[in-house]
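Subject: Structure handover

Hello,

Here is the structure for you to look over. My notes follow below it.

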Amino acid sequence: MKKYSSIFSTAIITPAISTTLVLLLLGTNVFFVLMARNLSDYVRENINLSVLISDELVKEEIGALRNDIRKAPYVKTIHYVSKETALKEATRTMGTDPTEFLGYNPFTASFEINIVANYANAKSMDEIVKEIKTRPAVVDVIYQRDLIESVNQNIQKLSIILLVIAALFLYISFALINNTVRLSIFSKRFLINTMKLVGAKWNFIRRPFMVNGATLGLLSAAVADALLYAGYVWLEKYEPEISLVVDQKVLITVGCSVLVAGLLITTLCTFVSLQKYLKMSTKKLYHI
């Protein structure tokens, strides 16, 4: 009972609240950084590449060509759009049937390809287009080169901004947690000095403080992770489509990041603060 009470005493609950809030802030930033990365991949993978094919191809040849293109490492998804389907989509979009004034279906059958995010840049797309055009049945390849360049430029700018913010938040988190731990150990500086005077070894003095530091980090990280997950569940109910860019991997990464940060920062700050008072003389202790 005594051990239980010591863990949840005011001495650890107060620092735990401060540390939890800091880790919550850090975890939120990590969450948005990972979500932005997945969102950028989602946007790039939804930029279509239209491969126009010859009208003379029969069903078997269309299937063989689709299977051939599908094997390429840059293809995420591929689906066939017939002349009739393209006409129906155009009629629905324009509100009028082009065949009424043209007398024929002006559209060409095509494959709509979604490219893997790593290949969704102007240079790679140019090479992909050249490679696809080598097939005799391919009439033309159409893609929005300007859109891809614009998307990649905006994503690059956003990534730099988010990385700067992440580094800033990490620094702030370390500084705030360090301050919290230092204040906690500062209040016990005379106890540390007394243990030194009675001949206790430094490792013996460190042990309970390091355990408390680790407990503080784990407890704060657990609470922060629970709050972050609760926030995500609420956000998913409010905006269900967020699941398209936030998968299980993101949630696990955020949870582990908060846990590691909480444990690492609190134990490191505890060790550094302890060293200060372990090295400090009794006379100097009364002047701080």
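Asn29 sits in helix H2, which spans residues 10-45. Helices here are DSSP runs of H or I with at least four residues, strands are runs of E with at least two, and both are numbered from the N terminus. With a relative accessible area of 10%, Asn29 is buried. Buried means under 20% relative accessible area, exposed means over 50%, and partly exposed lies in between (1.4 Å probe, protein chains only). Leaving out residues up to four places away in sequence, Asn29 touches Ile165, Ala166 and Phe169. A contact requires heavy atoms within 4.5 Å.

**Basis of the model**

This is a predicted model: local features need pLDDT of at least 70, side-chain atom pairs count only at pLDDT 80 or more, and totals for chains, interfaces and linings use all residues. Residues are numbered from 1 along each chain as its sequence is written, and side-chain values use heavy atoms, with hydrogens and water left out.

**H6 against H7**

Helix H6 covers residues 122-133 and helix H7 covers residues 145-186. They pack at an angle of about 150°, with axes 9 Å apart. Axes are lines fitted to C-alpha atoms, for helices over the stretch in contact; angles run from 0 to 180 degrees between N-to-C directions. H6 is therefore roughly antiparallel to H7. The cut-offs: under 35 degrees is roughly parallel, over 145 roughly antiparallel, 65 to 115 roughly perpendicular, and the rest oblique.

Which residues meet? Ala122, Met125 and Asp126 of H6 meet Arg145, Ile148 and Glu149 of H7. By class, that contact has 3 nonpolar, no polar and 3 charged residues.

**Ala72**

Ala72 is in the loop between helix H3 (59-70) and strand E2 (75-81). Its relative accessibility is 13%, so Ala72 counts as buried. Ala72 and Ile128 are 56 residues apart in sequence; C-alpha to C-alpha, they are 9.5 Å apart in space.

**The whole chain**

The protein chain has 11 helices and 4 strands. Its radius of gyration is 30 Å, whereas a compact globule of 288 residues would have one near 19 Å. That radius is taken over C-alpha atoms, and the globule rule is 2.2 Å times the number of residues to the power 0.38. Along the principal axes, the C-alpha atoms fill a box of roughly 100 × 35 × 30 Å. Of the 288 residues, 38% are buried. Among contacts between residues at least 6 apart in sequence, 81% join residues at least 24 apart.

Best regards

Methods
Nonpolar A, V, L, I, M, F, W, Y, C, P; charged D, E, K, R; others polar.
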